[in-house]
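Please consider the following structure together with its sequence.

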Amino acid sequence: LEVLPDDERLRVLKTWNATTAPPPTRPFIRMFEDMAVAQPNAIAVRFEGATLSYGDLNSRANVLANRLIHLGAGRGTFVGIALERGLGLMVVLLAVQKAGSAYVPLDPGLPELRLKFMVEDSGVAMIVSSSDVAGKLDFPEGVQCLDIDDVEFACTGATVDPDSGPALSDAAYMIYTSGSTGVPKGVVISHGALANFLCSMLEEPGLGETDVLAAETTISFDIAGLELYLPLLAGARIELIGSSTAGNGYALAEALQRCGATVMQATPATWQLLLDADWQGGKSFRAFCGGEALPPELAGRLVDRVGELWNLYGPTETTVWSTAGRVDRSDESISIGRPINNTRIYVLNGDTPAPIGVAGEICIGGAGVAIGYHDRPELTEDRFRSDPFTDRAGDRIYRTGDLGRWGADGRLYHLGRMDHQVKVRGYRIELGEIETVLNAHPAVRQAVVAAHRAGPADTRLAAHIVYHPGQELTTTELRRWSRERLPEYMVPSIAVSLERLPLTPNGKLDRNGLVYQFDNAVRLDAVVEPPAPGPETLVAGIWKQLLKVDTIAADDNFFDLGGHSLLALRVVVEIEKITGSRLDPRSLFFQTLRQFSAAVGDARGGNR
Ligand code: AMP
């Protein structure tokens, strides 16, 4: 039934979607080349003290692009990028676009099996890597691998812009996201969509040539596109933050101060980390937050410390962000703002627009909609539909699976998910993908994974497992199985062994009946011996507080108890506050409480 009066229908479909702006006529990479001509000597990017000017960045990218073209890159091909963060990464990202290929981020930190899947599924023509990374990875035979350290960036004729290059309809990149049926899926984004997104962001929230943007996001996450390309359109400077600094609130606060950053984009978990480290912000600082719901208490603390706070929303499938809104001190609830340029948002119940204030599925149309999922026609057909509210042939919408509503003033509100997709520290995770991996273990009869909220911007995964009789796995075995197949952020923090899964009265799985049964989980494998007096008790106290558990044994491992990398940093910070010595958070990874505490004792001894 059509319940909307005509004027309200007009408002939600047209008035609030009146975002038409002149569409970009050229890919981002061409606009960057103009900037390199206009201000060749300005610094484009800085990493650990080393810099590249606009001119140098462009000519290096040209040298590499010409080399890639020579090796077979070009329109219609994919090129994998397996590199740590650094100036070289910037050169490669631009070079692949200049060559006309689309890049596929292959994060060297992912498990080998997952990387192998991505390389095979994408059919990359070649992979650009560096000697330190390539040595650790075992790519399938037959895939060409170019070592960036072997490329001679001397000034030669090869520094001119290659004349070939991408059309707006060509793919610019492909990013893999978690897939509910057990394997990740590649989202293919066009140059047109990327250029439209960047031009819209340049207008609002906006960026100017005096800005310094601290870029801290891995390129496996599409939002890195804002951090690495937007400054290059504005003539601004990118300050690349190394991954270990990005995950440590104190180090990040220090880095922001040192480089004179004026803008940073991050997920709520990272902003939380910064605030926990007592970061003071500043009135000329602008904070862009997105990737998962911005908790109101976090927004309140942030907005007091910065000049501007923006909440940005969008899935990978519609190119980084599709809505943007400035968060005000007076906001009672946190809105995700309004659609960006050339973007339409519909809140639908089935095919019918929901009235103002009524929840429905957020569907996104316009210039940002992806080409589709790579090699997954049924899935693409299911999630991408033709736009029922425009008369232009070819216009499509993406059904996000997010629940939202319109506010009376034309701002949008995000209300959660309609399915089992969750966010953990900004990472998008389909619980079904983890369940598929666990269910594939021969000892497992049935596994269900649930996300539990442990605090603002702190979600933890718990696996609830029913084993075949007598085949219960130890935590260690289960972790090894998961770690070999899933990225670190998808490995459940705890595993609970159950005799049977809770069911609703009509026999369906009762997900609400899956409680965070901590004790049961820990005791799967641990030898219960209490912490010894001294450093072990000190560290156990810090773990208990951060992990919110009652008991910790000497042989417990921080990560098996529900810890994750951000909490590990907080352990290190707490220990530093008490003892004055700074430890490496990575030392928590493979150590028991006893082994880790020994290092605390040593550091304390050494400091005296
Ligand atoms: P990804 O594809 O990793 O960017 O994840 C997209 C999903 O993250 C969206 O469909 C939302 O569920 C969630 N998301 C992203 N930004 C926000 C935000 N600002 N507020 C609430 N949820 C968000």
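In this predicted model, nine strands form an open sheet in the order β2-β1-β10-β9-β11-β12-β13-β14-β15, and the pairing within this sheet is mixed. The edges are held by β2 (50-53) and β15 (338-339). Each of these two strands has a single partner, so one side of each is left without a neighbour in the sheet.

Within that order, β9 and β10 may be examined in detail. Strand β9 comprises residues 212-215 and strand β10 residues 237-240; the two run parallel and are joined by four bridges. In this pair, Leu 213 stands opposite Ile 238 of β10.

A further strand, β16, covers residues 343-349 and contains Thr 343. Is Thr 343 buried or exposed? Its relative accessibility is 3%, and because buried means under 20% relative accessible area, Thr 343 counts as buried. Apart from residues up to four places away in sequence, Thr 343 touches Asn 17, Thr 19, Ser 322, Ile 364, Gly 365 and Gly 366.

Attention now turns to the ligand. Which residues come nearest to the ligand? Of the 17 residues around it, these are Leu 312, Thr 316, Asp 402, Lys 423 and Arg 428. Three of these residues may be described by their individual atom pairs. Leu 312 places a backbone N or O atom 2.7 Å from a nitrogen atom of the ligand. Thr 316 has a polar side-chain atom 2.6 Å from an oxygen atom of the ligand. For Lys 423, an N or O atom in the side chain is 2.8 Å from an oxygen atom of the ligand. Taken alone, the ligand exposes 500 Å², of which the protein buries 96%.

At least two residues of the shell come from each of β13 (306-313), β22 (412-417) and β23 (421-424). By class, the shell has six nonpolar, six polar and five charged residues.

Methods: Residues numbered from 1 in each chain as written. Predicted model: local features only at pLDDT ≥ 70, side-chain atom pairs only at ≥ 80, totals over all residues. Heavy atoms only, no water. Near = heavy atom within 4 Å. Polar contact = N/O pair within 3.5 Å; in protein donor to acceptor, adjacent residues only side chain to side chain. Areas by Shrake-Rupley, 256 points an atom, 1.4 Å probe, with all protein chains shown as cover. Nonpolar A, V, L, I, M, F, W, Y, C, P; charged D, E, K, R; others polar. Buried < 20%, exposed > 50% of the residue type's maximum accessible area, 1.4 Å probe, protein only. Contact = heavy atoms within 4.5 Å. Pairing = 2+ DSSP bridges.
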